[in-house]
Amino acid sequence: MINREDMLELTRRMTLSRNCFYRAAGAYMDPEGYIDNSFNVNFRNMGTHDRQVNLELAKTIPFSKTNQQLRSYEFPKGDMAYDSIHKLLMALSQYGLKDDLLVQTLCEQLAEGIHISQEYGIFIYHGIYDVPVKGSDKEEQGESEEVFQFIICAVARIDKDYNAGKPELGFLFPAFENRSSDPSRIDIYSLDPERPDEAFVKKILGTSGI
């Protein structure tokens, strides 16, 4: 189960004044799931408007209804294929989205599990959060307990000017549980909590079933 307080703690660092993101990358896809255009930019080099728009896109995932829209899944144990989503995410987190080929490969892989019948964008964000130590009174102290590096992905329909609508799919990797990183798990978002997108979940986990 996802702890709502963990997610709210992350979103508090997703504002213009307390921004935890360092890079934004991804692709604009055609209705057949092929890349139309791609992007990879330093988050802090964006203009104020673009940063605000992207913060809202990214924040949608952890700020969504926990254990309903946003659910925790465990990756299959054992060795996984060299091009598995899990391995791509581990590498992208390590390199901070700076490898364009890895970003493109991830977008192509994810598109196989996305069924949106119009142009859409895959927006990927790399963030770093210094998890502060909390005392017995739960007040934050000065020193850092852990450096949590993470990837947030949001999938949203786009218009002809590449403006994104509300994210319909997405994820947070690695999972942030008990204020700590768990790379064996991923939190996957579906807009409709009654009907989580099974194709998207199966593609990410690399399984034939959930």
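**Asking why: strands, burial and contacts**

Modeller: Leu-169 stands opposite Ser-190 in strand 9. Keep in mind that this is a predicted model.

Colleague: Thanks! What makes strand 6 and strand 9 a pair?

Modeller: Strand 6 (residues 169-173) is joined to strand 9 by four bridges. Pairing requires at least two bridges, so these two strands qualify. They run antiparallel.

Colleague: Why is strand 9 called largely enclosed?

Modeller: Strand 9 covers residues 185-190, and five of its six residues are buried, so the rest of the structure largely encloses this strand.

Colleague: Let's move to a loop. Why does Asn-19 count as buried?

Modeller: Its relative accessibility is 16%. The cut-off for buried is under 20%, so Asn-19 belongs in that class. You will find Asn-19 in the loop between helix 1 (4-11) and strand 1 (21-29). Leaving aside neighbours within four places in sequence, Asn-19 is in contact with Arg-13, Phe-43, Arg-44 and Leu-55. A polar atom of the Asn-19 side chain also lies 2.9 Å from the backbone nitrogen of Phe-21.

Colleague: Leu-55 sits in a helix, I think. How does the reach of helix 2 compare with what is expected?

Modeller: Helix 2 (residues 48-63) has 16 residues and reaches 21 Å from first C-alpha to last, close to the expected 22 Å at 1.5 Å a residue. Leu-55 is one of the buried residues of helix 2, which also include Asn-54 and Ile-61.

Colleague: Is Arg-179 buried or exposed, and how do you know?

Modeller: Buried: the relative accessible area of Arg-179 is 12%, and the limit is under 20%. This arginine lies in the loop between strand 7 (175-177) and strand 8 (180-182).

Colleague: What makes a polar contact with the side chain of Arg-179?

Modeller: The side chain of Glu-9, at 2.9 Å. Not counting residues up to four places away in sequence, Arg-179 touches several others, among them Asp-6, Val-131 and Glu-145.

Colleague: Last one: why is Val-133 called buried?

Modeller: Val-133, found in strand 4 (residues 120-134), has a relative accessible area of 17%. Buried means under 20%, so the label applies to Val-133.

How values were computed: Residues are numbered from 1 along each chain as its sequence is written. This is a predicted model: local features need pLDDT of at least 70, side-chain atom pairs count only at pLDDT 80 or more; totals for chains, interfaces and linings use all residues. Side-chain values use heavy atoms; hydrogens and water are left out. Buried means under 20% relative accessible area, exposed over 50%, partly exposed in between (1.4 Å probe, protein chains only). A polar contact is a pair of N or O atoms within 3.5 Å; within protein, one must be able to donate a hydrogen and the other to accept it, and residues adjacent in sequence count only if both atoms are side-chain atoms. Contact means heavy atoms within 4.5 Å. The expected span of a helix is 1.5 Å times one less than its number of residues.
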